[in-house]
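Here is a short note for a colleague meeting this structure for the first time. Please read it with the model open.

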Amino acid sequence: MVAPSKLFSLEGRVLKLDTAQDLEAHIGPLRAMDDVEEVRILGNTLGVEACKLLGEVLATKKSLKVANLADIFTGRLLNEIPEALSSLLTSILNLPNLRTINLNDNAFGLNTQAPLVAFLSSHVPLQHLYLNNNGLGPHAGILIADALSELHAKKEEARKAGQEVPDLETVICGRNRLENGSMLAWAKAFSLHNKVKEVKMVQNGIRQEGIEQLLTAGLNHATELKVLDLQDNTFTIKGARALAKVVPLWTDIQELGIGDSLLGTKGGVVLADALAKGQNRKLETLRLQYNEITAAGVKGLASAAKDGLPALRRIELNGNKFTEDDESILALQELLDERKENHEGDVIDEDAWGVDSLSDLEEVDSDEEEEEEEEEEEISPETKAEKLVKEAEEAQEEPTVQLKDDEVDALAKKLAQTGI
């Protein structure tokens with residue numbers, strides 16, 4: 001935590017700051033803080049002129065480590081945001097200690113990708129990126145991922161020049177409709193940034209082919225991963241097998257979220273078998289709600305928890321297809337309750353332990369229980385790649401509104417003159 005004396009915050013003030021004069025009334029304390037380390041502007045709405053002034057002030061704060069610029073464009077016109085964001089990001093690009101940037105809940109989409117791409121491809125100190133609920137879509141998703149790949153190259157150049165450069169450790173990019181079309185680019189980015197420790201890409205409309213690509217050609221390289229959340233995408237048996245293939249590589253993983261992802265009957269069993277191998281001995285939290293997992297999958301998970309997951313303390317299984325009195329779920333509850341009782345120190349968060357509430361289990365149909373899921377048609381790696389490439393090409397054909405040519409040129413010129 002940053003010391004209060006080094007924090008400047010306008011968080012949640014719901015201020016409408018259109019002009020530089022509007023902002024000036026609130027920014028005096030920030031001007032006076034030579035050693036500010038964190039700035040929180042979230043929960044207000046800033047116009048172009050206000051952003052220009054804020055950028056000018058932030059550019060002087062060489063000790064700044066965290067910039068929280070979430071939800072700062074509510075109610076702004078589509079043509080305002082690119083210039084406003086450009087003013088901010090260009091100004092903070094040369095801050096040598098700025099490790100964390102939070103741009104959650106800003107409506108970017110393709111319209112605002114230019115300043116964002118320019119910043120992300122060039123800000124060598126970047127360590128933690130929060131880009132959640134920005135309406136990116138697959139085309140902008142490709143551009144963001146490609147920018148991160150370019151960033152990796154610049155980090156390597158800086159290291160060769162003798163600079164101390166942090167790895168990119170956190171990537172939060174959920175609720176952005178990234179879809180399959182951007183997964184080739186994201187897989188490449190993660191294969192390069194292989195020291196990443198936390199990845200959350202929930203609710204992105206990624207289907208099984210994209211999930212397979214992301215896991216087996218990207219995140220499989222991230223062997224220091226501690227938190228992975230891919231909830232509310234579509235896995236099916238294909239994605240489940242890809243996950244089962246790579247999950248033993250993540251020996252440091254502590255939290256795994258695959259809820260609401262259509263793992264299915266076989267997928268639940270396949271994942272349980274992979275976890276039972278005992279390579280994930282630090283895993284504490286496993287989220288698997290609403291996945292059509294049946295009693296067979298629960299049996300496998302109970303066995304894995306007992307013998308292969310000694311640190312497991314919380315498992316979420318509501319919304320699946322088994323009964324609340326299933327002997328395996330009872331065994332899981334007993335095991336996790338026992339671990340909670342034996343835990344050294346106080347249990348501060350009760351919700352971090354045990355099995356979640358099973359209030360919304362699906363009814364088990366006896367006929368359905370006997371039916372096997374249809375095998376997905378096996379296709380060659382070449383065909384898979386062609387399909388993803390086609391989806392990427394289609395994504396990049398989306399219409400976009402760019403910055404005006406002179407604005408792009410000005411931004412490029414500014415970046416060319418900036419050194420970290």
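**Notes on the predicted model**

1. Overall burial. Of the 420 residues in the chain, 52% are buried (under 20% relative accessible area with a 1.4 Å probe, protein chains only; exposed is over 50%, partly exposed in between). This is a predicted model: local features need pLDDT of at least 70, side-chain atom pairs count only at pLDDT 80 or more, and totals for chains, interfaces and linings use all residues. Residues are numbered from 1 along each chain as its sequence is written, and side-chain values use heavy atoms, without hydrogens and water.

2. Fold content. The chain has 14 helices and 14 strands. These are DSSP runs numbered from the N terminus: helices are H or I with at least four residues, strands are E with at least two. Among contacts with a separation of 6 or more, 87% join residues 24 or more positions apart. Contact means heavy atoms within 4.5 Å.

3. The core. The largest nonpolar core holds 111 residues. Such a core is a set of buried Ala, Val, Leu, Ile, Met, Phe, Trp, Tyr and Cys residues joined through side-chain atoms within 4.5 Å. Trp186 is among the residues with the most contacts inside it. Helix 11. Residues 327-342 form this helix, which reaches 23 Å from first C-alpha to last. The expected span is 22 Å, taken as 1.5 Å times one less than the number of residues. Its buried residues are Ser328, Ile329, Leu332, Leu335, Leu336 and Arg339. Glu327, Glu334 and Glu341 are exposed on the face turned away. The buried residues pack against helix 10, strand 13 and strand 14.

4. Asn204. This residue sits in the loop between strand 9 and helix 7. Asn204 counts as buried because its relative accessibility is 1%. Its side chain reaches the backbone nitrogen of Asn176 at 2.8 Å and the backbone oxygen of Met201 at 3.2 Å. Both are polar contacts (N or O atoms within 3.5 Å; within protein, one able to donate a hydrogen and the other to accept it; residues adjacent in sequence count only if both atoms are side-chain atoms).

5. Pro125. The loop between helix 4 and strand 7 holds Pro125. Why does Pro125 count as buried? Its relative accessibility is 3%. Pro96 is 29 residues away in sequence, yet 6.4 Å away in space, C-alpha to C-alpha.
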